[in-house]
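Please read them with the coordinates open.

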Amino acid sequence: MNSNGELLKKCSYVAISSYRRKVLETLKNDVKIPTKISEESGVGIKHVSNVLTDLKEHNLIVCINEDAHKGRLYRLTDEGKNVVSMIGEMGW
């Protein structure tokens with residue numbers, strides 16, 4: 001499948017979950033810790049942790065200080081930025 005098809009599949013995957021959408025949207029312009037993501041997105045911290053793991057496995061976000069036990073920092077990958085942008089354009 002071409003890269004555009006893969007991008008659409010990832011957009012669909014994110015769009016079907018309000019938690020995934022909210023977490024990605026919260027990370028759109030900044031690097032954040034899970035607590036801040038939870039506060040800004042309105043998603044409970046346990047759900048945020050699960051969503052972060054899930055999004056990381058799909059290469060949509062990356063933890064930039066993986067060795068830290070507290071205060072891990074997350075940001076969008078280029079692919080994650082493309083997904084957020086495309087979802088916004090499609091009005092999903």
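1. Val 31. This residue sits in the loop between H2 and H3. At 35% relative accessibility, Val 31 counts as partly exposed (buried is under 20% relative accessible area, exposed over 50%, partly exposed in between, with a 1.4 Å probe and protein chains only). Leaving aside neighbours within four places in sequence, Val 31 is in contact with Ile 64, Leu 73, Tyr 74 and Arg 75 (contact means heavy atoms within 4.5 Å). Val 31 and Leu 52 are 21 residues apart in sequence, and their C-alpha atoms are 13 Å apart in space.

2. Basis. This is a predicted model, in which local features need pLDDT of at least 70 and side-chain atom pairs count only at pLDDT 80 or more, while totals for chains, interfaces and linings use all residues. Residues are numbered from 1 along each chain as its sequence is written, and side-chain values use heavy atoms, with hydrogens and water left out. Helices (H or I, at least four residues) and strands (E, at least two) are DSSP runs, numbered from the N terminus.

3. Tyr 74. Tyr 74 lies in strand E2, residues 74-76. Tyr 74 is buried, with a relative accessible area of 8%. Not counting residues up to four places away in sequence, Tyr 74 touches Leu 27, Asp 30, Val 31, Lys 32, Pro 34, Leu 52, Ile 61, Val 62 and Cys 63. Tyr 74 and Asp 30 are 44 residues apart along the chain, with their C-alpha atoms separated by 8.6 Å.

4. Largest pocket. Which residues line the largest pocket? They are Ile 33, Pro 34, Thr 35, Ser 49, Leu 52, Thr 53, Lys 56, His 69, Lys 70, Gly 71, Arg 72 and Tyr 74. On a 1 Å grid over the protein atoms alone, a pocket is an open set of points where a 1.4 Å probe fits, with protein on both sides within 12 Å along at least five of seven lines; lining residues have an atom within 4 Å of a point. The space in the largest pocket is about 200 Å³, where grid points are joined across faces, edges and corners and a volume is the space filled by probe spheres set on the points.

5. Lining. Helix H3 (34-41) and helix H4 (45-57) each supply at least two lining residues of the largest pocket. H4 gives the largest share, four residues. By class, the lining has four nonpolar, five polar and three charged residues. Here Ala, Val, Leu, Ile, Met, Phe, Trp, Tyr, Cys and Pro count as nonpolar, Asp, Glu, Lys and Arg as charged, and the others, Gly among them, as polar.

6. The whole structure holds eight salt bridges (a side-chain nitrogen of Lys or Arg within 4 Å of a carboxyl oxygen of Asp or Glu). One of them joins Asp 54 and Arg 20, at 3.1 Å, N to O. Asp 54 lies in helix H4 and Arg 20 in helix H2 (residues 18-26), so the pair ties together parts that are 34 residues apart in sequence. Asp 54 and Arg 20 are both buried.

7. Two further salt bridges. Lys 28 and Glu 25 pair at 2.8 Å, N to O. Lys 28 is partly exposed at 38% relative accessible area, and Glu 25 is partly exposed at 42%. Lys 36 and Glu 39 pair at 4.0 Å, N to O. Lys 36 and Glu 39 are three residues apart in helix H3, so about one helical turn separates them. Salt bridges that share partners join Lys 32, Lys 36, Glu 39 and Glu 40 into one network.

8. Loop between H4 and E1. At 0% relative accessibility, Leu 60 counts as buried. Outside its four-place sequence neighbourhood, Leu 60 touches residues including Lys 10, Val 14, Leu 24 and Val 83. Asn 59 lies in the loop between H4 and E1 too. Asn 59 has a positive phi of about 60° although it is not a glycine. Most residues other than glycine have a negative phi. Asn 59 is partly exposed, with a relative accessible area of 42%.
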